[in-house]
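Here is a short report for a reader new to this structure.

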Amino acid sequence: MNFSEVFKLSSLLCKFSPDGKYLASCVQYRLVVRDANTLQIRQLYTCLDQIQHIEWSADSLFILCALYKRGLVQVWSLEQPEWHCKIDEGSAGLVASCWSPDGRHILNTTEFHLRITVWSLCTKSVSYIKYPKACQQGITFTRDGRYLALAERRDCKDYVSILVCSDWQLLRHFDTDTQDLAGIEWAPNGCVLAAWDSCLEYKILLYSLDGRLLSTFCAYEWSLGIKSVAWSPSSQFLAVGSYDGKVRILNHVTWKMITEFGHPATINNPKITLKPAPDRANPRIGIGALAFSPDSCFLATRSDSVPTAVWIWDIQKLRLLAALEQLSAVRCFQWDPRQARLAICTGGSKVYLWSPAGCVSVQVPGEGDFQVLSLCWHLSGDSLALLSKDHFCLCFLETEQGVGTAFGQRGDHT
């Protein structure tokens, strides 16, 4: 493995472009766009205030910078550096901003979730979507970019609207049988929409594109319910993480549970298990993170009551494959987009890699203590951006022999 030099960074804002050619990073109010391979600066943009969110358009031609404190969004062009766009939400304020899949519309959510404003970069037209719900995950696009599902709250009831992204016209509108809708997410194939209730009631509902209720799943009652949800890339499995410390896997044929994975029994060391404080909100219990490998063969999980461990489950054999115990709490983990290789960071100066071939810890070189708080893969899997509080660097992985090359150098980097 090779490491780049260290660059300045603010607010952990560092993202590869979808086409893999560029790497965008923020330093206060400046946006820096680098070549993803050479790290040479391609463009340097200056915003009106500190940047709080960045996002690439799907075609990698534009990048938006959200300045929530000012209620502003500034958009920059990679092909035409002299072109720029400024969107001011005025007194309505701004709490969220994202691209539409076509990369030519921006969806801004105003303060108090009063509405979503859809701005067109091509025609400069504006559309409004009313009643968006303030929830964990209230907006989701199908992967092909044709449809948008939106969680709504009106007249003290939860609804879902499905809109056509080409003209933002309403396709379907239906109420959900939820007490307090917490999130929605399309399956990767765009055929099924999952909607789940708040943690106070265990309920997940599966809807077809035309709004028909396909199935409802409830594992138990009268206790804290769902904490995390993840679709497999193949759309064949839906993993539901719960506050009871278990992950339940639903299949796409009958939407019934095919297995459940329990976490506490696999770690026997009592020193690494946290006891939740019963008198505080958001207790540190339950499955806080879920992620399928790109081939849908493995599932990585983290239980918040055992924050120093990552479990790797074999989905084909429906059994535990590995339990990775760290010395510090796991901050972030993410799968290589191209193969079954998992990167993990714990806020220390090392990054950890796991694959079916084995695992390795790699020391980040450089002066001082580079504390890795987050990370993100390049779409090729050839490099990995490591982010600390004030800096970032790139880790380049040799790929001639796939995963084995990285693990073959264990003696040099452990």
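## An enclosed strand

Strand E28 covers residues 298-303, and six of its six residues are buried, so the strand is largely enclosed by the rest of the structure. Buried means under 20% relative accessible area, exposed means over 50%, and partly exposed lies in between (1.4 Å probe, protein chains only). Strands (E, at least two residues) are DSSP runs, numbered from the N terminus.

This is a predicted model: local features need pLDDT of at least 70, side-chain atom pairs count only at pLDDT 80 or more, and totals for chains, interfaces and linings use all residues. Residues are numbered from 1 along each chain as its sequence is written, and side-chain values use heavy atoms, with hydrogens and water left out.

In a regular strand the side chains alternate between the two faces of the sheet. In E28, Phe298, Ala300 and Arg302 point one way. Leu299, Thr301 and Ser303 point the other way. All are buried.

## Neighbours on both sides

Strand E27 (residues 287-292) runs antiparallel to E28, joined by five bridges. Two strands pair if DSSP finds at least two bridges between them. Phe292 stands opposite Leu299.

## Salt bridges

Side chains of opposite charge can pair when their charged atoms come close. A salt bridge here is a side-chain nitrogen of Lys or Arg within 4 Å of a carboxyl oxygen of Asp or Glu. The count by this rule is 17. Lys133, Arg153, Asp158 and Asp180 are linked in a network of them.

Lys246 and Glu260 meet at 3.2 Å, N to O. Lys246 lies in strand E25 (residues 246-251) and Glu260 in strand E26 (residues 257-262), so the pair ties together parts 14 residues apart in sequence. Lys246 is partly exposed at 28%, and Glu260 is partly exposed at 34%.

Glu201 and Lys203 form another bridge, at 3.8 Å, N to O. Glu201 is partly exposed at 27%, whereas Lys203 is buried at 12%.

## A buried serine

Ser25 sits in strand E4 (residues 22-27). Its relative accessibility is 1%, so Ser25 counts as buried. Beyond neighbours within four places in sequence, its contacts (heavy atoms within 4.5 Å) include Leu9, Cys14, Val32 and Phe392.

Notes:
Helix = DSSP H or I, 4+ residues; strand = E, 2+ residues; numbered from the N terminus.
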